[in-house]
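This report sets out how parts of a multi-chain model are arranged and where they touch. Please keep the sequence and the structure in view while reading.

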Amino acid sequence: MLINVENLNIDIATANGTLAAVQDVSFCVSKGETLCIVGESGCGKSITALSLLGLLPKVATRTARAMTFDGVDMQMMSKAELRALRGNRLSMIFQEPMTALNPLHTIGRQLLDVYRAHRKASRKEAKERAIYLLEQVGITNAVQRLNNYPHELSGGMRQRVVIAMALMCEPELIVADEPTTALDVSIQAELLRLLIDLQKSFGMGMIMITHDLGLVSRIADRVIVMYAGQVVETAPAEKLFTNPSHPYTRALLGSVPDPSHPRMKPLPSIPGTVPSLLNRMEGCHFLDRCPLASDACRKPIQLQQIGGNHEARCIKVGEGKIRLKVVA
Amino acid sequence: MTDKPVLELSNVSHEYRGRRGIFGQSAPMLAVDKVSLRVERGDILGIVGESGSGKSTLAKIMLGLLTPTEGEVLLDGRPAGSMTRRQIAERIGFIFQDPYSSLNPRQTVGKIVAYPLYLRGEGTSAQRQERARKILDIVGLPLRFFEAYPNQMSGGQRQRVAIARALITRPKLLICDEPTSALDVSVQAQVLNLLLELREEFNLMYIMISHNMGVIQHMTTRVAVMYLGRIVEMNTSKRIFEEPRHPYTQLLLNSTLTVAQGAGVPDLKVDTAKREAMREHPSFIAS
Amino acid sequence: MTEASAFSAESSKVNATKSRLFRWLRHGSLMLGLLIFVTVIVMAVFAPLLAPYDPYLQSLPARFTPPVWLPGGGWEHPLGTDQLGRDYLSRIIYGAQISLSIGVGTAIVSGIIGTFIGVCAGYFGGKVDSVAMFVITARLAMPVILVALAVVALAGSSLTVVMLTLGFLLWDRFALVIRATTIQLRSSEFVTAAELQGASVLQIIGHEILPNLLNNLIVVATLEMAQAMILEAALSFLGLGVPAPLPSWGLMISEGKASILFEPWLITIPGVFLFALVLGTNLLGDGLRDVMSPHGRN
């Protein structure tokens, strides 16, 4: 097992009190496996990713029962040890490529710097690796491209460079936070295809943070659905999409406009808004928006086994098909 | 009522002049290249294309923010160039992509929505407020938001405010530029449902500009596909999605990741030759 | 980090006023600046009630009385008396009025000029912007003290002249900040929305742009006030600022400089007050910038 996280909690101190941004999230990823963490904005998925890399903002505190990378306890690591891990065995790709690239340096220099920060390698070796990876991510004229500055490249090109940069040190695990959301659809598909091809050929583990259920359905081995700081459902991808069990997962799947819906007819949508995480809620977080809610849902609810690694945080899992309301 | 199309573009082109600098003038860029289209009663026209396809420039031309370098824009059969901004605004409303920057953070929701009426000098202050309340109710915002500021609201609620502001002057046509791309999926469904409902209620026509093929397929009657400033394919929505003719339309449809477990990500193999072929391929314009 | 800011945005929704108050209170230097500033305002406003003596009342027998903590001083004149036997504490208290009115007056005059130039440059851009930038650059090339000295020397020294002169010299920071913010606002979608609805330029500036400049104006005004107070003191010290016998702190330092070796407190006391007021005003300005800017919200 590459990374193992048990009962991760993240609290954020705000002016109005403590916000329980992530509550008891557990997951693990093995080599070559893709885990997708899916949810809407504010559900805690991005901050979960940041915490894995030790990049939480100062106001956030992290606790976890276990958090190991390749068997080593990440919570005991010093800042220097974490830095040695980041960009090396554990890499990240963010949504906006310009946040990962320094506008003042050529991409060649940035690629080489990453490699030589973690490896005892000559410039020549580093350069060869950079050229090899730029070619791998589909950049033509790799040798000349090394001398380009980030602003001389298009958005799609930049994200390719970021992917190449993330792969420089042959990472074992990649954490990607919405890596293609900012790009055009055809480039999005092309880059995703590239990313998973590279993942397969290098045998890397991947944690993909996204809100795009279409994307999840196509690349995930395992899926975690998060809502308001909690895992509401976790399952192998094929089970999640054939038998979505939590009302939130179903509602989310139902509200994606796609050819299965009758055209120009109202889509099922989720009424209401996400609850504030400032006041710790006892019962189900989806209570106020759920068509099935009852008084029993006000008690604390644990993840319920559905069978075969499939769990959902809902006491009504067994109760037949859930009808979704259509609201404007 | 006349049966003239509400909006008609004939052979509209727009060229961005190159910047004049010390090294002389850089090459001009043709952002929109001989575009003709018309929006008629009952239409929801989708315009799809990627960044740089010219769809935002086209939207600016339709709104009268840009004067095309060539061609003509007709509103209700009259040239838009001869109309005042107010006359255009009475016919066309606009909804921006980002509900966070399209609302003035220093004005209350009530003021924002009533402002277009104030600009027209319609009614007394009390009457304008009354109409603002009514329209906020129609777009599904509770009255308690009337005195709220935009930063006290969620993205979906803000987009409802933007829709209310666009509708208060009763335009016939609403141009929506990526109206839901800044919103979460579940909220997106709410806003799309609202747009469909309003269409019935106000007899509205829409132009939906989007790169989300799922939204376009769900929401439109006709679709125009733009590539490098040109409309490369235009047809009824049904036919575009069932039998796309132009290779670029096919590429767009293939690259859309619909929910399909286990289908994987398609290998599009877009190379220079294919791009060249898409550029050279003749347009297919029906309807 | 976007998620974290999303959360704080959400939390500020819960109780915006409470959280703003909390942010202000937690900002130590802002509170210190505010404390000093408010103290000086109280001094200025209630000067007739607070001052034990008339600040102009001379008493030659009592001249050069040292302050209470030095030998020979007494509680009769807690801060001593000056070379004409005037009570130093009373003069300091009345002096607060002069510093503050110079500060506020200059900030208002320069604020109006700077906002006008900045908004025009930022909104219209192009040639207007080039001209405005040229005027700003030309203004920056002028040595403030020298120009002020020349104007005051020609026009005669009075509170109003100093105020207006400084006001016409210190608008550059207003203009630059307002110009930059206006450029940003100009391209925002709510301005385009107003334009699409047929709003006129004046309506757009009044309704959409000016209300969004308010935070910036307050911050720059505070910093500009501090600058004006220092300049007033400098001009008065050079003898071309506020005319005697007005109890300007700068003038008091100037009048004390003759006896710097024997009665150094004549210089240090107004010096300390001037230092504290300028420091306090600057802390206030910096602090306001922190709590008002969206970036300082974490």
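This is a predicted model: local features need pLDDT of at least 70, side-chain atom pairs count only at pLDDT 80 or more; totals for chains, interfaces and linings use all residues.

Residues are numbered from 1 along each chain as its sequence is written, and chains are lettered from A and ligands numbered from 1 in the order in which they are written.

**Annotated spans**

According to UniProt, in an unreviewed entry, residues 3-253 of chain A carry the feature "domain: ABC transporter". That span of chain A is 40% helix and 27% strand, with its end C-alpha atoms 28 Å apart. For chain C, the UniProt annotation "domain: ABC transmembrane type-1", also from an unreviewed entry, covers residues 96-285; here the chain is 82% helix and 0% strand, and the end C-alpha atoms lie 19 Å apart. UniProt positions are given in the numbering used here, feature names are shortened, and annotations may be inferred rather than shown by experiment. Helices (H or I, at least four residues) and strands (E, at least two) are DSSP runs, numbered from the N terminus.

Two packed helices are described by the angle between their axes and the distance between the axes. The axes are lines fitted to C-alpha atoms, for helices over the stretch in contact, and the angles run from 0 to 180 degrees between N-to-C directions.

| Helix pair | Angle | Axis distance |
|---|---|---|
| Helix 6 (residues 126-140) and helix 9 (residues 172-186) of chain C | about 150° | 10 Å |
| Helix 11 (residues 201-237) and helix 13 (residues 265-292) of chain C | about 165° | 9 Å |
| Helix 3 (residues 28-45) and helix 13 of chain C | about 135° | 7 Å |

Because of their angle, helix 3 of chain C is oblique to helix 13 of chain C, whereas helix 11 of chain C and helix 13 of chain C are roughly antiparallel to each other. Angles under 35 degrees count as roughly parallel, over 145 as roughly antiparallel, 65 to 115 as roughly perpendicular and the rest as oblique.

The crossing of helix 3 and helix 13 of chain C is left-handed, a term used if the near helix is turned anticlockwise from the far one by less than a right angle (right-handed if clockwise). Their contact includes C:L30, C:G33 and C:F37 of helix 3 and C:G280, C:L284 and C:G287 of helix 13, where contact requires C-beta atoms, placed from the backbone, to lie within 7 Å. By class, the residues of this contact divide into 12 nonpolar, 5 polar and 2 charged; Ala, Val, Leu, Ile, Met, Phe, Trp, Tyr, Cys and Pro count as nonpolar, Asp, Glu, Lys and Arg as charged, and the others, Gly among them, as polar.

Helix 11 of chain C also passes helix 13 of chain C in a left-handed crossing, and the residues in contact include C:T222 and C:M229 of helix 11 and C:L277 and C:R289 of helix 13. These residues divide into 14 nonpolar, 5 polar and 1 charged.

**Contact between chains A and B**

In this model, 37 residues of chain B are in contact with 41 residues of chain A. Helix 6 (185-202), helix 7 (213-219) and helix 9 (247-255) of chain B are the elements that give two or more residues to the side touching chain A, and helix 6 of chain B gives the most, with 9 residues. That side of chain B has 17 nonpolar, 16 polar and 4 charged residues.

How values were computed
Two residues are in contact if their C-beta atoms, placed from the backbone, lie within 7 Å.
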